[in-house]
Amino acid sequence: MVSAPARLRCAANALFRRLGANPGLHVTRWLAIAAILLVSLLGSQTALIGSIDEKLISARLAAAPRPATGQVVVLAIDKASLDAAGVWPWPRSLYAGIIDRLAAAGVQSIFIDVDFSTPSRPGEDAALAAALKRAGRSVLLPVFHQHARAGNDTTTEINRPIPAFLENAWPVFANVAVDGDGAVRSMALGDIFDGVRIQTAAAALAGSPDDDGSIRIDYSIEPRTVPTYSVSDLLAGQIAPAALAGKTVVVGATATELKDIFAVPVHGTLPGPVIHALSAETILQDRILEPFDQRLGAVALALVIIAGALAWRSRHVLVIITACILLVAAIESAAFVLLKEASVVLATAVPLITVALGIVLVVNERFDVVRALMAIAHLENRTTRRLMKRIVADSIDGVIAFDATLRVVEANAAARSVMGMAAEHEAGPTLERIDAIFPDIATALQTLLEDHRRDPGRPHSARIDFVRRKGADEAHYEAAITLSHADADGVRTSAGHTPLAGCVIIRDITARQVYHERLRHLADHDELTGLLNRRAFVDRLPLAPKGTCIATLDIENHDNICATFGRDVGDDVLKAVADRLRARAPQALLARLSDDIFAIALAVDDTKTLPDMANTLLGWLDEPLAVGAAGMEARARMGLCWLADVSVEQAIGAAESALDDARAVPGCRWKIYDPASALRQARYRMLETDMRTALAQGEFFLLYQPQVALTTGHLTGAEALVRWQHPSLDLVSPADFIPIAESNGLICDLGRWALETACREASAWDPELTVAVNVSPIQLDRSDIVADVMSALEKSGLAPSRLCLEITESSLLDSGDRIFDELERLRAMGIRIALDDFGTGYSSMGQLAGIPLDKLKLDQSFVRRMLDDNGVRQIVRAIIALAHALKLEVVAEGIEGEAEQTMLNDLGCEIGQGYRFGRPLKAKPFRALGA
Ligand code: C2E
Ligand code: MG
Ligand code: MG
């Protein structure tokens, strides 16, 4: 039999052996033990644990509700009472009425929780004083501690009812003590008033013998079970006297407007009078909740838990958890029962926290928490590593990781396949293999290693693209190499190597490269024919030798083919032309410049061979093209230039200019570049472009060439001749720009302007003088000449008889009746019509008869030649005779000398025009001439 002390000694020895036997006992054990002891000794004094305790106590109070005795009644100054009285503060007579009625009902005592510390109207005060007296000192009136501030000092004053009231009433303290967290938990029993200890309202109402200390209010007493009536009901006589007889009554504000509301545990908020009633009930029910000194018990519990945790560390975890749950349940049950049945308040936060720390201690004993945390971290590490390995393994890019000795430490399947490595377990200095397979990577790697040796502290990386044969095809790769600085720890290095971790990522970009190639091809080639486009052709010309011939070629009948057979057949013809050129000149640089225009760059020995080459090239296309069942003929024209004659930049333009020359000559199949013709074309293009704005910018003006009567030598009028003051080309002759204006249709606007200007300027001349305006055949054909003339005459006010229109024979060729009608209408208005340049056109004299004319202008070529050539002289004579026969006046142009003048006069010509009489003049000098 072993004695109890011996058994205890034995257990203690075992415990200390255990503690001492394990020198590696982790610091966490001591920390947990220290925490348990600390909490048990000092925990109750901390605010945190205090607030946990209050929450637990509140929960217990809420879990064991009990009813009020009914001895204390609250007479509520509620919303209804306030509404009934209509004023606040109430007149004191109203309180007198309350006291009288309560006294009449036979209440035991009355506490009026209202401030009577200041006098009101004397009559009112007297009424209340009288009621107090009638009640026979059974009324308790409140005194309050009141904090007053004077400067920095805070003094406590006592706020008391006025003496008239105190004479017949008992003073009681009515302060409510608010805790630091704002809640009201306790109530004082008494305090010193005028040197004497008096009770608080609660103590007095409950008839407590004590007037010292304070009590914890038992909030398990339910406020709703405290009988509560409204003052308004009392005054209305609606409360049965039996309900009040023998009761203690608290009269006070419950209406929220009066703000006598306090936060309390369990019930949220309660009005002050109800708190007084509950305090009184606490005393009446003998539920004064006593705190319990638990310090020793807490320490004892702590020691038991420490010993249990150490002794039970080998027990099954379920046993330990069950024991803890039982312990917690036992503590909480005890606390609940003690509070409910014995009004004893047990603070259980400390024991519960002690148990929780005990659990930590047990866990530490069983698992060694720090090691467990390290294990978790390690596990996380391993998981991350496994994840990284998986990512690398699954990557479609080849990934090779290596160390400072260039030993491959990781290579995924993609890398092995590219590198031709056999098995996954194959390791070793395989980066040397890279040298054989990818010399580009090896070279870049060597450079990076050099960089790393020089500056090992930062990463070094390079990116390279390279090509490798893959069977019959080429594979394109992109490699990114990165060398990172690595801590020596865990990274294999060899002597002389700075620690590093390297990575090569190899990506197969063949598909991307093919796509880019395709894009490049599309950018450089014509989609329809597969030949180069204009830009790519120009880009490649600089590579051509000087002795290269550049030919541009257009399919003359392509538009017709499209119009007849459709655009698809037109496209087939272009493809067939491209195929033919490709087949016959495989070494030539070929392009499709635009619609049906091709370009060929072909080496020739000498410029002399250019014509032969042109014929050969055109000969290729003369053979029918493989389009449709019957084949198709393509008629081509060509412009050529020799690269030695022009700069590379000008070559295509020169060949195109030659092609334009070829086009301009009907039946011509090819032309070689002629710089003079190119210059003309360039000038033509420039004039055509500039002409569009010239009219609006006022660059055109008219000159007037005098016309005189040959018999008298008197001025009869002038011909208006247009000029263009070009901003860079100076004065441009109408011979240069009129054909352009006619080809682009601008002649209509220009002609209308000339007509208006000539009429306006002529209207300022001598009214005897006429003005002749040239009208182009195109203008006559396309615009409404009658309307234009009428408008010009109307705007200028010029008499129609002073205006003469000069038309040419070509205006009348193939013209319909419309123009004849218009000319007739103009003549009917009094306007004269002259046929200009007569003799140069195709019309025969016989045709003149049907034309509505007034004058005939003999072309200056006759005038120039008639002096020396009798034949011409006879033609002039015949023309003049014919004109006269047709009643037409004759004007001879280009008279430069006296002999011409005399001869024409002798032949009967009426009017003369030419330098003999004056060169074309500006409007102002001409006006002076006529004046
Ligand atoms: P045109 O109507 O036969 O005009 C006569 C041309 O002969 C004028 O040339 C004039 O300057 C020139 N000329 C006059 N006297 C002599 C001379 O004694 N000797 C020589 N060698 N030449 C002489 P210009 O002004 O260069 O006009 C050329 C042509 O331009 C005109 O021939 C006419 O067809 C056309 N033109 C001029 N102004 C206009 C116009 O306002 N409208 C239209 N539609 N055509 C115009
Ligand atoms: Mg003329
Ligand atoms: Mg003329």
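Donors are N, O and S atoms within 2.8 Å of the metal (3.2 Å for Na, K and Ca), and water is not among the atoms, so sites may look incomplete.

## Basis of the model

This is a predicted model in which local features need pLDDT of at least 70 and side-chain atom pairs count only at pLDDT 80 or more, while totals for chains, interfaces and linings use all residues. Residues are numbered from 1 along each chain as its sequence is written, chains are lettered from A and ligands numbered from 1 in the order in which they are written, and side-chain values use heavy atoms, with hydrogens and water left out.

One pair among them, Asn 774 in strand E29 and Glu 806 in strand E30, links distant parts of the chain, 32 residues apart. Strands are DSSP runs of at least two residues (E) and helices runs of at least four (H or I), numbered from the N terminus.

Asn 774 is partly exposed, with a relative accessible area of 29%, whereas Glu 806 is buried at 2%. Buried means under 20% relative accessible area, exposed over 50%, and partly exposed in between (1.4 Å probe, protein chains only).

Asp 837 in strand E31 (residues 832-838) and Glu 893 in the loop between strand E33 (889-892) and helix H34 (898-906) are 56 residues apart. Asp 837 counts as partly exposed at 24% relative accessibility; Glu 893 is buried at 7%.

Asp 836 coordinates both magnesium ions, ligand 2 and ligand 3, which are 3.9 Å apart.

## Largest pocket

The largest pocket has a volume of about 850 Å³, a volume being the space filled by probe spheres set on grid points that are joined across faces, edges and corners. A pocket is an open set of points on a 1 Å grid over the protein atoms alone, where a 1.4 Å probe fits, with protein on both sides within 12 Å along at least five of seven lines; lining residues have an atom within 4 Å of a point.

The lining comprises 36 residues, and Glu 719, Leu 721, Pro 734, Asn 774 and Asp 836 lie nearest the centre of the pocket. Elements giving two or more residues to this lining include strand E27 (715-726), helix H26 (734-744) and strand E29 (770-774).
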